[in-house]
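Please consider the structure shown below together with its sequence.

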Amino acid sequence: MRKILPTVFLLLLFSATLWAQERTISGKVTSAEDGSQIPGVNVIIKGTTQGTTTDGEGNFTLSVPSNATLVFSFIGFGTIEMA
């Protein structure tokens, strides 16, 4: 029994880690009108304060949980939410 308990504990620990996995999302924000890149767009995980801003070419990279919704916002444009 003493040898089984640590094994069960480790299995539970690793399974909890698997449930909380994150993934990295990257992309480019462009204008729907002419396809031009949009720098400075705020990309935030909905319901959190975690996020990033697009670089000079409209690119972004962000680590998100598997069930996250991203919120894209920029002055003069409408806000868009994407799962």
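The points below are grouped by topic.

This is a predicted model, in which local features need pLDDT of at least 70 and side-chain atom pairs count only at pLDDT 80 or more, whereas totals for chains, interfaces and linings use all residues. Residues are numbered from 1 along each chain as its sequence is written, and side-chain values use heavy atoms, with hydrogens and water left out.

**Strands E1 and E4**
- Strands, labelled E, are DSSP runs of at least two residues, numbered from the N terminus.
- E1 and E4 pair in the antiparallel sense over 7 bridges; pairing requires that DSSP finds at least two bridges between two strands.
- Glu 22 stands opposite Pro 65 in E4.
- Buried denotes under 20% relative accessible area, exposed over 50%, and partly exposed the range in between (1.4 Å probe, protein chains only).

**Ser 31**
- The loop between strand E1 (22-28) and strand E2 (42-45) contains Ser 31.
- Ser 31 counts as buried because its relative accessibility is 11%.
- Leaving aside residues up to four places away in sequence, Ser 31 touches Ser 36 and Ile 38; contact means heavy atoms within 4.5 Å.

**Ile 80**
- Ile 80 belongs to strand E6 (residues 80-82).
- Its relative accessibility is 48%, so Ile 80 counts as partly exposed.
- Leu 70, Val 71 and Phe 72 are touched by Ile 80, not counting residues up to four places away in sequence.
- Val 43 and Ile 80 are 37 residues apart in sequence, with a C-alpha to C-alpha distance of 9.7 Å.

Key. Helices (H or I, at least four residues) and strands (E, at least two) are DSSP runs, numbered from the N terminus.
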